[in-house]
Amino acid sequence: MTDANSCTRLIGQIVRVGDVSAADRSQMFALMCDHYANMRRDRFEADFDMKDWVIVARDDTVGDIHGFSTQVTYVQTIDGQDFRILFSGDTIV
């Protein structure tokens, strides 16, 4: 039985994709591989680089990544009116 005081707490942060370290990208890719079949690093990296930022959920004590969600915004024009769209890409928690 896990002691309630020893539970892992996650701390969220928003990071620009260009500021994500190679080590963090590797942790994110490993999480995807643990939960999805047929993951390829080159596809993961290409998709990741097309996003604007990533929401990262880290262990509050050691800093390991336990989840993330990539995000991108763009403008879509519908019937002459512009709408800002938020698209969430790869997500795992």
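A search of the whole structure, a predicted model, finds three aromatic pairs, where rings of Phe, Tyr and Trp (its six-membered ring) pair if their centres lie within 6.5 Å, and planes under 30 degrees apart count as stacked, over 60 as edge-to-face and the rest as tilted. One of these pairs, Phe29 and Phe44, is tilted, at 5.4 Å centre to centre with 55° between the planes. Phe29 belongs to helix H1 and Phe44 to helix H2, so the pair ties together parts that are 15 residues apart in sequence; helices (H or I, at least four residues) and strands (E, at least two) are DSSP runs, numbered from the N terminus. For Phe44 and Phe68, the ring centres are 6.4 Å apart and the planes stand at 90°, so this pair is edge-to-face. Distant parts of the chain are linked by the pair, with Phe44 in helix H2 and Phe68 in strand E3, 24 residues apart. Phe29, Phe44, Phe48 and Phe68 form one aromatic cluster.

Both Phe29 and Phe44 are buried, a term that means under 20% relative accessible area, against over 50% for exposed and partly exposed in between (1.4 Å probe, protein chains only). The relative accessible area of Phe44 is 1%, and Phe68 also counts as buried, at 1% relative accessibility.

The model was treated as follows: local features need pLDDT of at least 70 and side-chain atom pairs count only at pLDDT 80 or more, while totals for chains, interfaces and linings use all residues. Residues are numbered from 1 along each chain as its sequence is written, and side-chain values use heavy atoms, with hydrogens and water left out.

Leaving aside neighbours within four places in sequence, Val56 is in contact (heavy atoms within 4.5 Å) with Ile11, Gly12, Gln13, Val15, Met28, Ile65, Gly67 and Phe68.

Helix H1 has 14 residues and reaches 20 Å from its first C-alpha to its last, close to the 20 Å expected at 1.5 Å a residue, the expected span being 1.5 Å times one less than the number of residues. Asp24, Arg25, Met28, Phe29, Leu31 and Met32 are buried in H1. These residues lie on the same side of H1, because they cover an arc of only 155° around the axis, taken from the directions from the helix axis to the C-beta atoms. On the other side of H1, Ala22, Ala23 and Asp34 are exposed. The buried residues of H1 pack against H2, E2, E3 and strand E4 (81-92).

Arg25, in helix H1, has 12% relative accessibility and so counts as buried. Not counting residues up to four places away in sequence, Arg25 touches Val17, Val20, Arg41, Phe44, Glu45, Phe48 and Asp49. Arg58, in strand E2, is likewise buried, with a relative accessible area of 17%. The side chains of Arg58 and Asp24 are joined by a polar contact of 2.4 Å; such a contact is a pair of N or O atoms within 3.5 Å, of which, within protein, one must be able to donate a hydrogen and the other to accept it, and residues adjacent in sequence count only if both atoms are side-chain atoms.
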